[in-house]
Amino acid sequence: MKKIIKVNGKKYKAINEDITSSGYSQLKKPLHGATLSIKILNRALKQQHDDKVVSEIEYLYEKAEEMLKIVEDKKYST
């Protein structure tokens, strides 16, 4: 069941279910890619490489969506 919570005036949907151990295992895969992408993004920001910055932000957004789908999947929650 989802409930809406407020943090600093912004509303967020919170998932009120536990994640299974296989769910955590599935979350590690996109998280690993996102971790590497953050390092690349940080380097691109320092070098002010516009194309790479945009590319990495889009990649991180895709990985965040992928992790959210895993969390919302009934197969990985109790």
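1. Helices here are DSSP runs (H or I, at least four residues), numbered from the N terminus. Keep in mind that this is a predicted model, where local features need pLDDT of at least 70, side-chain atom pairs count only at pLDDT 80 or more, and totals for chains, interfaces and linings use all residues. Residues are numbered from 1 along each chain as its sequence is written, and side-chain values use heavy atoms, with hydrogens and water left out.

2. What links these two residues? Glutamate 56 forms a salt bridge with lysine 52, their closest N and O atoms being 3.8 Å apart. A salt bridge is a side-chain nitrogen of Lys or Arg within 4 Å of a carboxyl oxygen of Asp or Glu. Side chains of opposite charge can pair when their charged atoms come close.

3. The structure holds 2 salt bridges. In the other, lysine 63 pairs with glutamate 66, with the closest N and O atoms 3.3 Å apart. Lysine 63 and glutamate 66 also both lie in α2, 3 residues apart, about one turn of the helix.

4. Are the partners buried or exposed? Buried means under 20% relative accessible area, exposed over 50%, and partly exposed in between (1.4 Å probe, protein chains only). Glutamate 56, at 8%, therefore counts as buried, while lysine 52 is partly exposed at 36%. Lysine 63 counts as buried at 16%, and glutamate 66 is partly exposed at 34%.

5. Now the length of the helix. Its expected span is 1.5 Å times one less than its number of residues. For the 23 residues of α2 that gives 33 Å, and the end C-alpha atoms are 33 Å apart, so the two agree.

6. Which residues of α2 are buried? They are Val53, Glu56, Leu60, Lys63, Met67 and Ile70. What covers them includes α1 (21–47). Leaving aside neighbours within four places in sequence, leucine 41 is in contact (heavy atoms within 4.5 Å) with Val53, Glu56, Ile57 and Leu60.

7. Finally, the largest nonpolar core has 5 residues: Ala34, Leu41, Ala44, Val53 and Leu60. The elements giving two or more residues to this core are α1 and α2, and α1 supplies the largest share, 3 residues. Such a core is a set of buried Ala, Val, Leu, Ile, Met, Phe, Trp, Tyr and Cys residues joined through side-chain atoms within 4.5 Å.
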